[in-house]
Amino acid sequence: MTSVALPQEFLGSGDPKDTKMLITKQADWATHINEPKAAVEMYITAGEHMKAIEISGDQGWVDVLIDIARKLDKAEREPLTKCAYYFKKLLNHGYAAETYMKIGDLKALIQLYVETQQWDEAFALCEKHPEFKDDVYVPYAQWLAENDRFEEAQKAFHKAGRQTEAVKVLEQLTRNAVIESRFNDAGYYYWMLSMQCLDIAQGKEEEPFNHYLPETLFNVSRFLLHSLTKETPLGISKVNTLFALAKQSKALGAYKLARHAYDKLQGLQIPARFQKSIELGSLTIRSKPFHDSEELVPLCYRCSTHNPLLNNLGNVCINCRQPFVFAASSYDILHLVEFYLEEEITDEEAVALIDLEVPRRNKRDSKWQEQMSDSAQTMRLLYKTEELEEDDPFTAKLSFEQGGSEFVPVIVNRAILRSMSRRDVLVKRWPKPLRWQYFRSLLPDNPITMCPFCFQMFHSEDYELLVLQYSCCPYCRRKTDESC
Ligand SMILES: [Zn+2]
Ligand SMILES: [Zn+2]
């Protein structure tokens, strides 16, 4: 020790600059003769923190490092960052976090949490600083996918009230599954995805489905019940669904349906907080007439059959079995019929044929107003429905063999494709290996908008309103100015 000790007379007197220099020199010497402990002490005394930190870090002296870090002013970013670097390297993540916090380097802190999979901490930080969301959720999704901890993560997201992110994760997982040809998984993820979205739409607070228009709630609850024929997916409550249906049916004049829903509820276990309300509802509905308002009856756009409000076949027409196409925000039935291509026609050819604008008789005066904005594909036609040509080869195709219990899809050939106007057709251009999906509008004067990213379809006026409200697609939440 004597070899590195400093002559006291130098320390007691003289210029502090000289003293510092002397101590530093002494410390250099201590380092040189391999006395790191002494060197660190002297460097600290001399205020040469970087050097003290480097030696301590290389020696693995966590206690010395945290001592230095705690004493340093938070403005000393460089030495503090160095300390944090060593804490990370020495796997002392607690001290690393403490140090990043001290200098307010949130980006580094988030990165630390992500690298060390401290997701709770990462989410908590995101809560306060949403600008780091992508830094967390993207690696989180990846981590989930790698660890197969899908459902657990879903619950965690839900608990944290992070539905949007949960949906994002699901979308990512779904996309991966499709790309990797794991179609079984993809199917499952899609199911989860759609349910998740409905779950968001429900806004499960004190009472189910409280924030939406009565018509929307009525549609959503019917859509759900029709989807729940076999099993009830995670997070979907049959009681909530029926209760919502009962209330909205009553409000909208579907009294028969409301009675049915209340009757069904009697057979289920009802949470205490709904009990009074449901009892009262079951009583008061008896004073109403035993029928449903005709306005609410769903119409099949393929066969023009009026469908029952509750349909034991699910979300398909009770007569022709054509699946209903629902608007993604209001869940009412869109005036679309899905059609398929004859086997040898490729998607590219089909679209090229549809794009051929064959001039049609009686149409010269029709006022087409097409909006191909960068945000969405919208079709608008200002002529009246009755003016649709009687001899439209597509509408001729809509007829089907009466009495069969099997669904017969509408399959079109080249001639029919050529007869179509691209303004009447919406195409969901799914990535390969999926086939594209084709939908023909039967009421072209009621515009429908399809999101260019998720291909969900909306009444154009709903879509415009929702985009104004959220500045993104209400379904997939992609910004409307994002490019594909
Ligand atoms: Zn039908
Ligand atoms: Zn979308």
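Predicted model: local features only at pLDDT ≥ 70, side-chain atom pairs only at ≥ 80, totals over all residues.

Trainee: What holds the strands of a sheet together?

Mentor: As a general idea, strands in a sheet pair through backbone hydrogen bonds, and the pairing can be parallel or antiparallel. Here, four strands make an open sheet in the order β4-β1-β6-β5, with mixed pairing.

Trainee: Which strands stand at the edges, and why does that matter for their sides?

Mentor: β4 (410-412) and β5 are the edge strands; each has a single partner strand, so one side of each lacks a neighbour in the sheet.

Trainee: Okay, and how many bridges join β1 to β6?

Mentor: Four, and strand β1 (residues 336-341) runs antiparallel to β6. To find your place, look for valine 337, which sits opposite arginine 440 in β6.

Trainee: What about β5 and β6, parallel or antiparallel?

Mentor: Antiparallel: strand β5 (residues 425-428) is joined to β6 by four bridges. Leucine 426 stands across from phenylalanine 439 in β6, and valine 427 faces tyrosine 438 in β6.

Trainee: Is β6 mostly covered or mostly open, and how many of its residues are buried?

Mentor: Mostly covered: strand β6 spans residues 437-441, and four of its five residues are buried.

How values were computed. Residues numbered from 1 in each chain as written. Chains lettered and ligands numbered in written order. Buried ≥ 20, exposed ≤ 12 C-beta atoms within 10 Å, placed from the backbone. Helix = DSSP H or I, 4+ residues; strand = E, 2+ residues; numbered from the N terminus. Pairing = 2+ DSSP bridges.
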